[in-house]
Structures are given as structure tokens and as C-alpha cells.
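Subject: Structure handover

Hello,

Here is the structure I said I would pass on. My notes on what was found follow below it.

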Amino acid sequence: MLAHIDSCAILGIDAHLVRVEADVGGGNPHFTVVGLPDEAVRESKDRVASAMRNSQFYFPLHRITVNLAPADVRKEGPSFDLPIALCLLAATEQFVSTDMADFAAVGELALDGSVRAVAGVLPIALGAKAAAKKRLILPAENALEATVVEGLEIYPVKTLWEAAEVVSNPSARKAASTTASKWNLDQPDYGLDFSEVKGQAHVKRALEVAAAGGHNLLMAGPPGAGKTMLATRLPTILPPLSLEEALEVSKVYSICGRLPKDTALITTRPFRAPHHTISTPGLAGGGTIPRPGEISLAHHGVLFLDELPEFNRDALEVLRQPMEDGKVNITRAAGSMTYPARLMLVAAMNPCPCGFFMDSTRPCKCTHGAIQRYLHRVSGPLLDRVDIHIEVPRLTQDELLSANNEESSASIRGRVHRAREIQSRRFAGTSLFCNAHMNPRQLRQFCPLSEPVQRFLRGLVESLGLSARAFDRILKLSRTIADLEGADQITTSHIAEAAQYRSLDRKLWG
């Protein structure tokens, strides 16, 4: 006999419907899984057979063919165990089956018939809903993650027997309650605050501008100046995640199996700080079967690269395309995947190998050649994609001992949020949501300049020798600074402040 039920396969960060078909016919005992399965899927026949026998069902000793359609989409992982077992039970009439057309199922089976958690349940639930499925059967451990999706009945199960009961009589078990309305995205708790950072007013201003426009930022200064402390507090002044952004971030973490326990939704901006020894696949994503890297895990958040020149140069160069396009494309023999990577890059570095080239208290011991070799580990094209370059000097004794109350993250975030709202209205109807992502055509449209401002800008281009990309970066920064002031037009003061954020690279890389 023939039976079928739907499941889902993960492609990138999205799930696509897969029809699981099982045919039990005559002939010598043989179990075949077709439809482009990977090794984990092919091994499901042994897990399914043992799980059925140990769940008080019988395993048919006949010719069994399981097809995963469409056959041209690669199927990965153990999440097809449960739907395969349910199809076999229905095909051999071991339970009274209702119409399974409304169901989708995912889950790994243990040999004793228990259902184990799988990765990627959030995108699977969203994919099932998009495919007009009404009910989803999944492991009990993944239930919280799936209840974020409204309009889908979630049935968490612990054993194959429970899953069979749900299919035969859905009304006998209560579906899990949705939790979408319980998540508070407006008051994220980072446990950090800018009020804890003494001094560095000009650096805080640069971080505020970066946050307001989604700009990339590079900080350079001696050890102990506070670069890492400032960077870790940048997410606290970013606008709260929208529900759509939170779902996108959570989908990436879900397919990587990185969602924190007892957490269904990522409610704070990601902050990723990989060590400088990270490999290129670890940063960009990859592997035999492509998986997201740190770039994608920082989607809608901050990617912090401390000690920037110490990173492998090949790893750094892969940042160039994601910084421009907001996505990373990974091509391997097993397939090609596209993962989201709309992030803010924040980098920190010492100005020389010893770290004291620009320090006012300790002399630098590095030779000129050593300094230049160190600085040129970071390529010019990568530097050109960083909008803001800022020097972070060592704090003075008075600043360290000062008892002045510093401005809180909430206060700064209020100004950033107002600037982002201006940009949201400006870019309504487009795919943009902040100034940093404008292309040249949009720059001409949204950044008109008066004649005095154009003359001032021409003088800057001539005196600083700006590249075309650096010129565009200054315009974007100027637009953000104007938005922070609530100004409709860009003025020479906005251009002047934006230009100073492009001066450090000339001081160091000269």
C-alpha cells in the first residue's frame, strides 16, 4: 500500500516542503530511500525499523520504497525519520489514519521510539505555514521554538506512539499555545550600558552616528584605551529588533542549532566577536554541506573583529562582498547556498605591533617598516568599505578618576531611533532601511546638495584625494548626521564632521 505525509527540507535559511511517500509491496525484504538523500537520511531505515519494533508496532518484512519529492532537492539530516515511520504505519494500516494532507512532521527517532530534537524547527514551522499546512508534529524539545509561528497547530511529541495518536485523532491532544505575543522586543536587555564608559566623548559620538545610519566603523588606539568596551556596548544603542528581523535572526541560529535553551526567539541584536584565528569558512560560512558562518550569525547585529590586522587576510577579504550586498554566497560541490549578512562591522586595532605608536604616554618601539607591514595586513579595498575611522586615545588620569555621570544607552538609543524613523519614512517602498545601504542612484535622489555645499565638498575631494567610494561614504555619513539633527538638508557642518571620520586612515596608511 501507499501512504504519504509532508515534511520540510532546509535550503539556506528557508524551509521547502518535501512530500514523503512510502510504498510497501510484495517481494523480498528490502528498504530503499530515494530522492537525493544524504547519508544521514539513508541511515534512517535502520533507526525507523528499530523504533517501530520497540514502540509495539511491527516492521513490515516486504519491499519498502520511500521517496522524498521533489527528487532534485538534496535532503539532509535525521529530521525525516518521524515522517518516514508515520508513512510506514499508515501504509500497513497499523493505526486508523485520518487524511494526513493537513499534517507536516519532522523529528529524529531513537532506537527505543523516542523522538529527538532537530535543528531548524523555526524555519520549518514557517515553511509549513507558508505551504498552507494546518498541523505540525515535532519533537517536544523543539515545541517552544515553533510556537512563535501563529496560525499553525503545533503538536509536540516525545515518542513515535504519541505521533501516531496525533495523526489518528488530532482532537484527542491539545495543540501547544502560540507565544508570539509574549515576546517583548521593545525593551531588550543587554546587561551593559554606555554610562559605564568614562570619557571618549568623540568616540561615543562616532558610535552614535554609526548606529543611526548602520555604518561600519574602525577604532584604532593603544591597548587599554577602551576599544573593546565601547564596541560591546554598541548593540545597546541600536534600535530594537522588529518582529521580522527577530525571526530572520532566529532562523539563522535555529538551523545552526545555536538557539539558547528555553528560548524561542532572539530578542536582542546579535553581537559576534570571533577570535582572530578563525578560518575563512568559519567567518563566511562553508563546509562540505554549506552552513552559516559568523557573518550570518551577526545578521541585523554587530560583527566585532578585535585586533583586525591579526586576522587571516583571506578571511578578511571575504567580508567585502557581504558588506556591500548584505548577503553571502557559498558554493560547494554539495550545492550553493545564500545566507543573509546585513550587519554592522566594527573593528578595533592597535596602530602598530607594540600598540603605542599614537600613545601620548609610552613611546613606540617599532621601526617604520614594521609599522607599515603591520598596517598593510588590512587591504585598502576593505578599509574603503568602512565608513568611520576613529582614533581612541588613552584616558587621562582626570578622566579615569572623574565622578561625572556619563550618558546612558537609553538616552543615546532614543536619538538613534528617531534618526532611523526618519530613514524609514524616506526609504518607504524600497528594500532599504538605513543610510549606509544607499547605492549611487539613491544617493543622488536622497542627498541633494546646495551650491555652497558642493563647492565645500569639491575642496575636500581635492585636498584629501578621496576615492569614489570614500566620496559616497562621506555623503552617506553626512545624511545620517543631518538625520540625527532632524535637518532636511545636508549642510557644510554635516560634511565637515563626516570628513573627519575619514582622516585616520590617512594618518596611519598615509
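**Helix α7 against α17**

Glu208, Ala211, Ala212 and Gly213 of α7 are in contact with Ile412, Arg415, Val416, Ala419, Arg420 and Gln423 of α17. By class, this contact of α7 with α17 has five nonpolar, two polar and three charged residues. Please keep in mind that the model is predicted. Two packed helices are described by the angle between their axes and the distance between the axes. Helix α7 covers residues 201–213, and its angle to α17 is about 35°, with the axes 8 Å apart. The crossing of α7 past α17 is right-handed.

**Helix α17 against α20**

Helix α17 also packs with α20, at an angle of about 115° and with 8 Å between the axes. That angle is why α17 counts as roughly perpendicular to α20. Here too the crossing is right-handed. On the α17 side the residues in contact are Arg415, Val416, Ala419, Ile422, Gln423 and Arg426, and on the α20 side they are Arg479, Asp483 and Leu484. Sorted by class, the contact of α17 with α20 has four nonpolar, one polar and four charged residues. Arg415, Val416, Ala419 and Gln423 of α17 are among the residues that meet α20, and they are also among those that meet α7.

**Helix α2 against α3**

Another helix pair is formed by α2 (residues 44–53) and α3 (residues 81–91), with an angle of about 55° and axes 10 Å apart. The two helices are therefore oblique to each other. α2 passes α3 in a right-handed crossing. From α2, Ser44, Arg47, Val48 and Met52 take part, and they meet Asp81, Ile84, Ala85, Leu88 and Leu89 of α3. The contact of α2 with α3 divides into six nonpolar, one polar and two charged residues.

**The largest pocket**

The largest pocket holds about 1000 Å³ of space. It is lined by 42 residues, and those closest to its centre are Arg342, Ser431, Leu432, Phe433 and His437.

**The cavity**

How many cavities of 30 Å³ or more does the structure hold? There is one, and the volume of the largest cavity is about 120 Å³. Its lining is made up of Gly214, Leu238, Arg269, His300, Gly301, Arg342, Leu343, Met344, Arg420, Phe433, Cys434 and His437. These residues comprise five nonpolar, four polar and three charged ones. Arg342, Phe433 and His437 line the largest cavity and are also among the residues closest to the centre of the largest pocket. Arg420 is another residue of the cavity lining, and Arg420 belongs to the contact of α17 with α7 as well.

**Two backbone details**

The peptide bond between Ala69 and Pro70 is cis, with omega of about 5°. Pro70 sits in the loop between β4 (63–69) and α3. Ala132 is not a glycine, yet its phi is positive, at about 70°. Ala132 lies in the loop between α4 (121–130) and β8 (135–139).

Regards

Note on methods
Residues are numbered from 1 along each chain as its sequence is written. This is a predicted model: local features need pLDDT of at least 70, side-chain atom pairs count only at pLDDT 80 or more; totals for chains, interfaces and linings use all residues. Side-chain values use heavy atoms; hydrogens and water are left out. Axes are lines fitted to C-alpha atoms, for helices over the stretch in contact, and angles run from 0 to 180 degrees between N-to-C directions. Helices (H or I, at least four residues) and strands (E, at least two) are DSSP runs, numbered from the N terminus. Angles under 35 degrees count as roughly parallel, over 145 as roughly antiparallel, 65 to 115 as roughly perpendicular and the rest as oblique. A crossing is left-handed if the near helix is turned anticlockwise from the far one by less than a right angle, and right-handed if clockwise. Contact means heavy atoms within 4.5 Å. Ala, Val, Leu, Ile, Met, Phe, Trp, Tyr, Cys and Pro count as nonpolar, Asp, Glu, Lys and Arg as charged, and the others, Gly among them, as polar. On a 1 Å grid over the protein atoms alone, a cavity is a set of points where a 1.4 Å probe fits but cannot get out, and a pocket is an open set with protein on both sides within 12 Å along at least five of seven lines; lining residues have an atom within 4 Å of a point. Grid points are joined across faces, edges and corners, and a volume is the space filled by probe spheres set on the points.
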